[in-house]
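Please look over the sequence and the 3D model together before reading on. The paragraphs below lead from one part of the chain to the next.

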Amino acid sequence: MDLTSCDLEPIHIPGSIQPHGIMLISDPRSGQVVGCAGELADPSEILGRTLEELVGIDCQVVQDSLPGTGIQVLGELVFANSSWDAVAYASGAHIIVELTGKADGHTPDGAFLAELDALEAQLDRATSLLDLANEASRVFQRLTGYGRVMVYRFVDDEAGVVVGESIADNSPSFMRHHFPATDIPKQARDLYVRNKVRVIADVHYQPSPVVSASSDLQTIDMSDSTIRSVSPVHIQYLKNMGVAASASMSIVKDGILWGLVACHHHQPRPLPLNIRLACQNMASNLARVIKAREDSELYRERIALRAQEDRILRLVGEDSNLSQFFARTGRDLAELLNAHGFAVLQGDKLVQFGSCPATDDIHAISDYVRAISSSQPVVTRQLSAKFPPAMAFKDKASGLIAVKMATDVPTVLMWFRAEVLQTIKWAGNPHKEGAQDPNTVLTPRASFDEWSEQVSGKSEDWNLAQIESAGRVVRSLHEARNNSRIRLLNSELSRSLNDNVSLMQQKDVLLREVNHRVQNSLSLVATFLRMQGRGASQEVKSSLEQAEHRLMAVSLAHRRLYQDDSVEIIDLSRYIGELVAELLATMDSEWGPHLHLDLAPVLIKTDDAVTVGLVVNELFTNLAKYAYDGRPGSATIKIEQIRSNLRVTISDSGKGISGPVNGTGFGTRMLSALVSNLKGSIEFEDNSPGTRAVVVAPIQSRGYEA
């Protein structure tokens, strides 16, 4: 039985809670408590009574204030003659109120808020990621009082490594130790994004089951719970580590789990609500600082690489002999990407510099690259994992960036990096399976003693700026070569054929005429649609207007093809901006001031841009019709690139999606087909208030991991 079996455990429906809190499950229609859990003297005295009777709150008022996901802080409530901190959240058709104990003499006041501000300032002053992680560990230790606090970052294959640590007791250090991906199952990582603070006050607790007359409540979804009972496997895992209490805070960057702040203590230790909320705020601030630093580093490296690229490309001569150029610039091109070797194979001509594989091996790599890639970079730090023959020369080419260049004969540019032998410290042997009892019940590993592993066959990782630079160099060389050849050809033709310019002009006229006729045809179809709508019913007229908007999106993309230098790649932000402007021209003029555009420059294939334009058209048209019942209202269209994914967000502050879904079945099917064509996904979320539609799709214009 493998530890990956943990991925199948339904940890969001444990049917019980940790006993340091109390759970009240109510039916919002009657307000009555239909289920409860916790250390209660007599649960039968709780069931059937209303929340107003028990804690003095109106269930309907609470329901109206709840977000779509996550908790709503209710503040201090009195239950059973004691003061408790209370939160509420929705779970299916039920409203759940959770009560946890207040900390003696620890009320948030001005001094507490000032302390939080000072702690946040400490994070901003950190000078490196290591410094930031260690400072963050000290900050969270000061907030929580836990003996050992670690900043844990996810790396390759979802494994994690401790990059910062603060120890205030005799706990062993895990600094720079790696933990295998199986230590945190997939469904647990998903919950970490949704529920950003989790506390286990005492690993030796006895779970308090949900008491109810209904068996359905035994499997109620506790994804947003703050006192949800924890998997027995995880409890045993902590006991094996010698931990009596733990807390963890999620570091979520760009909607992705970057890492965790993991807190351990040798004695039971609950955290009151105000400290948990302070930790959540601090973790969000830490994520913002990390993002700002990573973005700044990427920007600086992009600028530096651009300067080096310009210096190298100035050496491109007027002749079209690329071999001579590569012979002159091999050292510079290798240094550009911090590579140990650089090679170009143009047909049978090989130019190489630095530490490269043997000639036959370079030919084999070139054949492999040409077989799997079109014009995008092939990128890997472990070439032998995808191309097994590379194991024989891993000391020279474990890392590879390779780009095909469109020339008369096949040309492949290759940057090589040698393997970097690493000794990785693991907290226990990651290759051992979890121990099993005679009944084959899965239990976690028992040892966290340092275990070292020698890793070979991997190079230093290539970063995003270097991958972009490799592709840009090839495009620039191709353009420079073409420009040089065109200038030479024009010079030769001008001496022998004086009407060459005339022929080129005729070609331009023909292209403009084709574009003109296509635009006329599209305009004619649009006119027919408008004529058809005259005198038609409102429903038919609305459908025809939607069809006209879709036609407009395609027409605009076609015009852009003849205005831009590239017919394959288009600036999505420019295209969407113009598309929205034309949409607004057909709508109520009041929409203009209410619409906010946040469009980051993203290069995307033209075909995909048209599809994205149609998606934006559908979503914005539906927003305009339904979000505010046809009236203008606040709306935002945002485009951004997250790593190798495009994310399009269209949001409003309208009436939301709690009611019945409006719109035609055709529009819904069309939207689903468009998103599927992008190989993406679409999610509709509660914008609190309003609705937020998020479309995520891969971008195929930068390259891919080999």
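A residue is called buried when its relative accessible area is under 20%, exposed when it is over 50%, and partly exposed in between, using a 1.4 Å probe and protein chains only. This is a predicted model, in which local features need a pLDDT of at least 70 and side-chain atom pairs count only at pLDDT 80 or more, while totals for chains, interfaces and linings use all residues. Residues are numbered from 1 along each chain as its sequence is written, and side-chain values use heavy atoms, with hydrogens and water left out.

By the burial criterion, F620 is buried, with a relative accessible area of 1%, and W591 also counts as buried at 3%. A search of the whole structure finds nine aromatic pairs, where rings of Phe, Tyr and Trp (its six-membered ring) pair if their centres lie within 6.5 Å, and planes under 30 degrees apart count as stacked, over 60 as edge-to-face and the rest as tilted. The ring centres of W591 and F620 are 5.9 Å apart and their planes meet at 75°, so this pair is edge-to-face. The pair links distant parts of the chain, since W591 belongs to helix 16 (residues 591–594) and F620 to helix 17 (residues 606–626), 29 residues apart. Elsewhere, ring pairs link Y152, F154, F174 and F179 into a cluster.

Helices (H or I, at least four residues) and strands (E, at least two) are DSSP runs numbered from the N terminus. In strand 2 (residues 21–26), six of the six residues are buried, so the strand is largely enclosed by the rest of the structure. G21, M23 and I25 point one way from strand 2, whereas I22, L24 and S26 point the other way. Two strands pair if DSSP finds at least two bridges between them; strand 2 runs antiparallel to strand 6 (residues 94–101), with six bridges joining them, and antiparallel to strand 3 (residues 33–37), with four bridges. I25 stands opposite I96 in strand 6 and opposite G35 in strand 3. Strands 2 and 3 form a hairpin with six residues between them, and G31 in the turn has a positive phi of about 80°.

Helix 8 has a kink of about 65°, centred on T329, where the bend at a residue is the angle between axes fitted to the seven residues ending there and the seven starting there. Buried residues of helix 8 include F325, F326 and T329. Just after helix 8, N338 takes a positive phi of about 55°.
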